[in-house]
Amino acid sequence: MLDHIPYLSYILSAFIGIGLAAATGFRVFLPMFAVSLASYFHWIPMNEHFEWLSGLPALITTGIATIAEILAYYIPFVDHLLDTISVPLATVAGSVLFASQFADLGTFPQWGLALIAGGGTAATISSGFAGIRAASTATTGGLGNSVVGTTETAGAGIMSVLAMAAPVIAALFAVILIILVVIFGRKIWRKFRKKNVEPL
């Protein structure tokens, strides 16, 4: 029955791509490692233009990068340094993983969609958690940052698995996350702005 739904494969690919992009908003390399691992063992198909992701060199590289990234977020000051580059890195990673799910689209629509949907999703979530980390540093002196870091790692792992196993649910979670980030991000921004303009 589902085979008769027009463009079903594109819809599912978009759901998977959005879920993976959302995962990169939490952690840049963990979703790439998850995709590399799954495609290496042929658990998921891989677009021929992204077969490098399913190779052993990519699996080892993303695995090492994942461990290094996770541990780095538990080191004071290093986590802040990573936050300064996490948004652009997440945007690139989210775009690549989104694009990897489309095989039959032309180059322009493929990467246009990837930058808007994949990169936009990853950048929004990444910037939201960078703001949460900044608020945690300001209110707890950095003591709460490990909790934020653990939450981000768990979020990246859960979203990566959901994107490949239950893409519709993953996409739904991604949309909810984006809405929450926008709503709470505005509140935090207004609060800090109001605090900064208060007369001494």
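Helix H5 and helix H7 (167-197) each supply at least two residues of the lining of the second largest pocket. Helices here are DSSP runs of H or I of at least four residues, numbered from the N terminus. The model is predicted, so that local features need pLDDT of at least 70 and side-chain atom pairs count only at pLDDT 80 or more, while totals for chains, interfaces and linings use all residues. Residues are numbered from 1 along each chain as its sequence is written, and side-chain values use heavy atoms, with hydrogens and water left out.

The second largest pocket holds about 230 Å³ of space. Its lining has 11 residues, and Gly-128, Ile-132, Leu-180, Val-181 and Phe-184 are the closest to its centre. H7 contributes the largest share of this lining, 6 residues. By class, the lining of the second largest pocket comprises 7 nonpolar, 4 polar and no charged residues. In this classification Ala, Val, Leu, Ile, Met, Phe, Trp, Tyr, Cys and Pro count as nonpolar, Asp, Glu, Lys and Arg as charged, and the others, Gly among them, as polar. Pockets and cavities were defined on a 1 Å grid over the protein atoms alone: a cavity is a set of points where a 1.4 Å probe fits but cannot get out, a pocket is an open set with protein on both sides within 12 Å along at least five of seven lines, and lining residues have an atom within 4 Å of a point. Grid points are joined across faces, edges and corners, and a volume is the space filled by probe spheres set on the points.

The largest pocket contains about 260 Å³ of space. Of its 15 lining residues, Ser-13, Ile-16, Ile-44, Pro-45 and Gln-101 lie nearest its centre. H1 gives the most to this lining, with 5 residues. The lining of the largest pocket consists of 10 nonpolar, 5 polar and no charged residues.

A search of the whole structure finds 1 cavity of 30 Å³ or more. The volume of the largest cavity is about 80 Å³. It is lined by 14 residues, with Gly-25, Phe-26, Tyr-73, Ser-86 and Ser-126 nearest its centre. Helix H1 (8-26), H4 and helix H5 (107-140) each provide at least two residues of this lining. The lining of the largest cavity includes 4 charged residues, beside 6 nonpolar and 4 polar ones.

Helix packing was examined next. The axes of H1 and H6 come within 8 Å and cross at roughly 165 degrees, axes being lines fitted to C-alpha atoms, for helices over the stretch in contact, with angles from 0 to 180 degrees between N-to-C directions. H1 is therefore roughly antiparallel to H6; angles over 145 degrees count as roughly antiparallel, under 35 as roughly parallel, 65 to 115 as roughly perpendicular and the rest as oblique. The crossing of H1 and H6 is left-handed, a term used if the near helix is turned anticlockwise from the far one by less than a right angle, with right-handed used if clockwise. On the H1 side the contact (heavy atoms within 4.5 Å) is made by Ile-16, Gly-19, Leu-20, Ala-22, Ala-23 and Phe-26, and on the H6 side by Glu-152, Gly-155, Ala-156, Met-159, Ser-160 and Ala-163. By class, this contact has 8 nonpolar, 3 polar and 1 charged residues.

H2 and helix H6 (residues 145-165) pack at about 35 degrees, with axes 9 Å apart, and their crossing is right-handed. Leu-30, Pro-31, Ala-34, Val-35 and Ala-38 of H2 meet Thr-153, Ala-156, Gly-157, Ser-160 and Met-164 of H6.

Helix H2 (residues 29-40) also packs with helix H4 (residues 78-99), at an angle of about 25 degrees and with axes 10 Å apart. H2 and H4 are therefore roughly parallel. Pro-31, Met-32 and Val-35 of H2 and Ala-93, Val-96 and Leu-97 of H4 make the contact.
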